[in-house]
Amino acid sequence: MSLSKRARQFQEMLDGRGLDLEVVELSDSTHTADDAARALGCAKEQIVKSLVFRNTATDGPVMVLASGPNRVDEAKIAAVLGSEIGRANAAYVKRTTGFPIGGVPPLGHREPMLLFVDEDLLQYDEVWAAAGTPNAVFRIPGKITSILDEHIVLPVT
(Lines give C-alpha, C1' and ligand atoms only; values in the text may rest on other atoms or scores of the structure.)
Protein backbone atom coordinates (compact mmCIF):
# COMPACT_ATOMS: atom_id res chain seq x y z
CA MET A 1 0.00 0.00 0.00
CA SER A 2 1.38 3.40 -0.92
CA LEU A 3 1.55 6.13 1.70
CA SER A 4 -0.13 9.52 1.55
CA LYS A 5 2.16 12.50 1.03
CA ARG A 6 2.23 13.45 4.73
CA ALA A 7 2.84 9.88 5.93
CA ARG A 8 5.58 9.48 3.29
CA GLN A 9 7.25 12.68 4.56
CA PHE A 10 7.20 11.32 8.10
CA GLN A 11 8.67 8.02 6.86
CA GLU A 12 11.46 9.97 5.16
CA MET A 13 12.17 11.79 8.44
CA LEU A 14 12.45 8.44 10.26
CA ASP A 15 14.76 7.12 7.54
CA GLY A 16 16.85 10.31 7.71
CA ARG A 17 17.37 9.75 11.43
CA GLY A 18 18.54 6.21 10.75
CA LEU A 19 15.51 4.70 12.50
CA ASP A 20 14.47 1.35 11.07
CA LEU A 21 10.76 1.97 11.64
CA GLU A 22 7.93 1.63 9.15
CA VAL A 23 4.90 3.86 8.73
CA VAL A 24 1.67 2.10 7.80
CA GLU A 25 -1.65 3.65 6.87
CA LEU A 26 -4.82 1.91 7.92
CA SER A 27 -8.26 2.01 6.37
CA ASP A 28 -9.72 2.45 9.87
CA SER A 29 -9.22 5.70 11.78
CA THR A 30 -6.56 5.85 14.47
CA HIS A 31 -7.71 9.31 15.59
CA THR A 32 -8.38 8.13 19.17
CA ALA A 33 -6.52 5.61 21.32
CA ASP A 34 -9.60 3.34 21.26
CA ASP A 35 -9.74 3.52 17.46
CA ALA A 36 -6.03 2.81 17.12
CA ALA A 37 -6.03 -0.15 19.52
CA ARG A 38 -9.02 -1.66 17.74
CA ALA A 39 -7.47 -1.18 14.29
CA LEU A 40 -4.08 -2.55 15.36
CA GLY A 41 -5.33 -5.39 17.55
CA CYS A 42 -3.26 -4.27 20.54
CA ALA A 43 -4.00 -3.07 24.05
CA LYS A 44 -5.10 0.54 24.47
CA GLU A 45 -2.19 0.92 26.91
CA GLN A 46 0.23 0.36 24.00
CA ILE A 47 -1.07 3.40 22.11
CA VAL A 48 1.04 6.54 22.48
CA LYS A 49 -1.04 9.69 22.72
CA SER A 50 0.98 12.77 21.67
CA LEU A 51 -0.68 15.62 23.56
CA VAL A 52 0.40 19.21 22.99
CA PHE A 53 0.04 21.89 25.65
CA ARG A 54 1.13 25.53 25.86
CA ASN A 55 3.51 26.75 28.55
CA THR A 56 1.48 29.72 29.79
CA ALA A 57 4.61 31.62 30.86
CA THR A 58 6.43 31.40 27.51
CA ASP A 59 3.70 30.28 25.07
CA GLY A 60 6.16 27.51 24.08
CA PRO A 61 4.95 24.01 23.20
CA VAL A 62 5.02 21.19 25.74
CA MET A 63 4.34 17.64 24.60
CA VAL A 64 3.23 14.80 26.83
CA LEU A 65 3.43 11.26 25.47
CA ALA A 66 0.81 9.35 27.43
CA SER A 67 -0.34 5.75 27.45
CA GLY A 68 -3.72 5.36 25.71
CA PRO A 69 -6.09 5.20 28.70
CA ASN A 70 -4.20 7.70 30.87
CA ARG A 71 -5.45 11.23 31.48
CA VAL A 72 -2.69 13.77 32.00
CA ASP A 73 -2.65 15.53 35.37
CA GLU A 74 -1.68 19.00 34.16
CA ALA A 75 -0.69 20.04 37.70
CA LYS A 76 2.01 17.31 37.78
CA ILE A 77 3.50 18.57 34.51
CA ALA A 78 3.29 22.18 35.69
CA ALA A 79 5.09 21.30 38.94
CA VAL A 80 8.04 19.83 37.04
CA LEU A 81 7.98 22.61 34.45
CA GLY A 82 7.75 25.40 37.01
CA SER A 83 4.85 27.11 35.25
CA GLU A 84 1.26 26.36 34.32
CA ILE A 85 0.33 24.64 31.09
CA GLY A 86 -2.81 25.13 29.06
CA ARG A 87 -4.51 23.16 26.36
CA ALA A 88 -3.44 23.92 22.83
CA ASN A 89 -6.01 24.49 20.09
CA ALA A 90 -5.79 22.81 16.68
CA ALA A 91 -4.10 25.80 15.01
CA TYR A 92 -1.40 25.95 17.71
CA VAL A 93 -0.78 22.19 17.43
CA LYS A 94 -0.47 22.36 13.64
CA ARG A 95 1.80 25.44 13.78
CA THR A 96 4.21 24.04 16.39
CA THR A 97 4.31 20.38 15.37
CA GLY A 98 3.51 20.55 11.67
CA PHE A 99 0.85 17.87 12.12
CA PRO A 100 -2.93 17.83 12.68
CA ILE A 101 -4.48 16.72 15.97
CA GLY A 102 -4.97 12.95 15.76
CA GLY A 103 -1.86 12.50 13.65
CA VAL A 104 0.86 14.10 15.82
CA PRO A 105 3.86 11.77 16.16
CA PRO A 106 6.19 11.72 19.17
CA LEU A 107 9.12 13.16 17.17
CA GLY A 108 9.92 15.17 14.06
CA HIS A 109 8.17 18.39 15.01
CA ARG A 110 8.43 21.77 13.34
CA GLU A 111 9.48 23.51 16.58
CA PRO A 112 11.56 22.18 19.47
CA MET A 113 9.42 21.40 22.49
CA LEU A 114 9.70 20.19 26.04
CA LEU A 115 8.91 16.49 26.05
CA PHE A 116 7.45 14.47 28.91
CA VAL A 117 6.99 10.69 28.68
CA ASP A 118 4.44 8.72 30.69
CA GLU A 119 6.33 6.11 32.70
CA ASP A 120 3.51 3.63 31.98
CA LEU A 121 4.68 3.42 28.35
CA LEU A 122 8.00 1.92 29.48
CA GLN A 123 6.41 -1.33 30.62
CA TYR A 124 5.75 -2.40 27.03
CA ASP A 125 8.18 -3.98 24.58
CA GLU A 126 6.16 -2.50 21.74
CA VAL A 127 4.03 0.62 21.40
CA TRP A 128 2.29 2.33 18.48
CA ALA A 129 2.27 6.05 17.71
CA ALA A 130 0.74 8.40 15.15
CA ALA A 131 2.79 9.02 12.03
CA GLY A 132 1.57 12.31 10.60
CA THR A 133 -2.07 11.67 9.71
CA PRO A 134 -5.13 10.35 11.59
CA ASN A 135 -4.75 7.01 9.74
CA ALA A 136 -0.96 6.60 9.78
CA VAL A 137 0.91 4.85 12.60
CA PHE A 138 4.27 3.29 13.28
CA ARG A 139 5.34 0.49 15.60
CA ILE A 140 8.09 1.24 18.09
CA PRO A 141 9.78 -1.97 19.27
CA GLY A 142 11.65 -1.76 22.55
CA LYS A 143 11.33 1.34 24.73
CA ILE A 144 9.91 4.48 23.15
CA THR A 145 12.56 6.55 24.93
CA SER A 146 15.24 5.02 22.67
CA ILE A 147 14.03 7.04 19.66
CA LEU A 148 13.25 10.34 21.39
CA ASP A 149 15.16 13.56 21.71
CA GLU A 150 15.77 14.92 25.23
CA HIS A 151 12.83 14.09 27.49
CA ILE A 152 11.67 13.60 31.07
CA VAL A 153 9.99 10.37 32.19
CA LEU A 154 7.39 10.72 34.96
CA PRO A 155 3.97 9.48 36.07
CA VAL A 156 1.48 11.68 34.20
CA THR A 157 -1.74 10.63 35.95
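**Labels and their grounds**

Guide: In this predicted model, Arg38 counts as exposed because its relative accessibility is 60%, and exposed means over 50%.

Visitor: Why is Asp35 called partly exposed?

Guide: Asp35 has 22% relative accessibility. Buried means under 20% and exposed over 50%, so Asp35 counts as partly exposed.

Visitor: What makes the contact of Arg38 and Asp35 a salt bridge?

Guide: The N to O distance between the side chains of Arg38 and Asp35 is 2.9 Å. A salt bridge requires a side-chain nitrogen of Lys or Arg within 4 Å of a carboxyl oxygen of Asp or Glu, so the pair qualifies. Both residues lie in helix H2 (residues 33-40), 3 residues apart, about one turn of the helix.

Visitor: Which parts does the salt bridge of Arg139 and Glu126 tie together?

Guide: The closest N and O atoms of Arg139 and Glu126 are 3.1 Å apart. Arg139 lies in strand E7 (residues 136-141) and Glu126 in strand E6 (residues 126-130), so the pair ties together parts that are 13 residues apart in sequence.

Visitor: Why is Ser67 called buried?

Guide: Ser67, in strand E3 (residues 61-67), has 2% relative accessibility. Buried means under 20%, so the label applies to Ser67.

Visitor: What makes the approach of Ser67 to Glu45 a polar contact?

Guide: A polar atom of the Ser67 side chain lies 2.8 Å from the backbone oxygen of Glu45.

Key: Residues numbered from 1 in each chain as written. Predicted model: local features only at pLDDT ≥ 70, side-chain atom pairs only at ≥ 80, totals over all residues. Heavy atoms only, no water. Helix = DSSP H or I, 4+ residues; strand = E, 2+ residues; numbered from the N terminus. Buried < 20%, exposed > 50% of the residue type's maximum accessible area, 1.4 Å probe, protein only. Polar contact = N/O pair within 3.5 Å; in protein donor to acceptor, adjacent residues only side chain to side chain.
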